[in-house]
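Please open the model in a viewer and keep the sequence panel at hand.

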Amino acid sequence: GGLQIRLSPEASARLGPRAGSDVDALAEYWRGRALLEHSDRPEDVEAAVSAFEAALVKDADLAEAQAGLGEAFWGLYSRTGEPAWVDRAIQASERALALAPSQQRVWLTLALVHNGTGRADLALEDLRRAISLQPNGDDAYRLMGGVLSELGRMEEALQAYDQAIERRPGYWRNHQRRGILLLRMGRYDEANQAFETVTQLQPDSTSGYQALGTLLQITGDLEGARQNYEKALQIAPTAGSYSNLGTIHYWDGRFEDAAEAYRHAIELFPRSALYHRNLGDTYTRMGQMHSAKASYGTAVSLLEQDLEVNPKDVVALTDLAVCMMKIGQLGRAEQHIHEALALAPDDGDVLYAQSVVAALAGRAEEALPLLRRAVENGVSFYLVERDDDLASVRSLPGYEAWLRSSSSPNRQGHRR
């Protein structure tokens, strides 16, 4: 006879769906998981929702399917910005918890929802619980990397991504997330290696090529960046690749082409505040001030909706501060930048936005030391040299002195 191994209920909960689950329900559950694993397109996430819903029709008590549904609903919110998905994600994660509080997947979904709604402390607790239930899984460490990096705890975040890769070196998303963090830290060579790994592990995905394009773009290799975006667009039209191509056109002074690329990005992701803001900047350069104001206004409305979901969203707070300056609301811009600084005082992107706000308010002298700190914290010199909003800072004698000084920070990719 075959060898039989008995598991305690606790152990089987750690390993995955319970033995008594309906076989057809399990097949649908694993189909949903496979779709989420490889998804970088909204249609994959929608297909995962259908699979988890089909699993729950066959077995209403399958907690993992309920947790998967919560994860997929959150994925749809991330990819569309539609706030309606948030409530559905919260409901599904709470149902999953009620069904199986000792199931690791349940805690991963709770972490996703808690972090995304501004409760990072709870998310970290959820992830510690998930790790205690399944120490060898990579998902909890990858999510932990994301939570820690949003809190500005970069070195700890890097360690969490390393733990994820150690447990599952062949999963592209672990390398992609680690690469994005390294990019934010200004560690470009290491980020490049991470993104190259993504393209090798997932050659039919846009993610690696788009990330490589971004890296090349912010280090000044615009032709290399363009080639990678075009590779990504051959695989599938993605909003990020269109938007980044738009920025290359913008830097080249080809504003009609830039506006067209940003409009393509908006068609694919209508609720991205960043794309509306970029389009507003382009209309400004084209002298179409009514259109510019409308674009900035749309960006402000979308960012305010993002902050209703997550009041501690540092990216939304910094973007809102800059957009408020563009519509002439200095007081509100400064309020939002200070909220962002309170949450992430050493974040390069926040310091950069603070310098932009100061520059647009006519305080270039105040903006310069902030810009220095932003570059020390990972912001690319190449962006500083090309940002219209910082023109007043670049004309200061102190800026030239900074460029010449031997003690200026790592200027990798700097082209003069």
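**The largest cavity.** In this predicted model, begin by selecting Met154, Arg184, Asp347, Gly348, Asp349, Asn377 and Val379, which line the largest cavity. By residue class, this lining comprises two nonpolar, two polar and three charged residues. The space in the largest cavity amounts to about 30 Å³. How many cavities of 30 Å³ or more does a search of the whole structure find? The search finds one.

**Helix H12.** Next, select residues 206–218, which form helix H12.

Colour H12 by accessibility: 11 of its 13 residues are buried, and the helix is mostly covered. Among the buried residues are Tyr209, Leu212, Leu215, Leu216 and Ile218, together with Thr206, Ser207 and Gln217.

Ser205 caps the N-terminal end, with a side-chain oxygen 3.1 Å from the backbone nitrogen of Ser207. Just after H12, select Gly220, whose phi is positive at about 95 degrees.

**Arg226 in helix H13.** Move to helix H13 (residues 222–235) and select Arg226, which is found there. Is Arg226 buried or exposed? Arg226 counts as buried because its relative accessibility is 18%, and the cut-off for buried is under 20%. Show the side chain of Asp252 as well: a polar contact of 3.3 Å joins it to the side chain of Arg226. Leaving aside neighbours within four places in sequence, Arg226 is in contact with Leu245, Ile248, Asp252 and Arg254.

**Gln103 between two helices.** Finally, select Gln103, located in the loop between helix H5 (84–99) and helix H6 (104–116). Gln103 has a relative accessible area of 3% and is therefore buried. What does the side chain of Gln103 reach at 3.1 Å? Display the backbone nitrogen of Arg105, which the side chain of Gln103 reaches at that distance.

Terms used: Residues numbered from 1 in each chain as written. Predicted model: local features only at pLDDT ≥ 70, side-chain atom pairs only at ≥ 80, totals over all residues. Heavy atoms only, no water. Helix = DSSP H or I, 4+ residues; strand = E, 2+ residues; numbered from the N terminus. Buried < 20%, exposed > 50% of the residue type's maximum accessible area, 1.4 Å probe, protein only. Polar contact = N/O pair within 3.5 Å; in protein donor to acceptor, adjacent residues only side chain to side chain. Contact = heavy atoms within 4.5 Å. 1 Å grid on protein atoms, 1.4 Å probe; cavity = no way out; pocket = protein on both sides within 12 Å on 5 of 7 lines; lining within 4 Å. Points joined across faces, edges and corners; volume = space filled by probe spheres on them. Nonpolar A, V, L, I, M, F, W, Y, C, P; charged D, E, K, R; others polar. Expected span 1.5 Å × (residues − 1).
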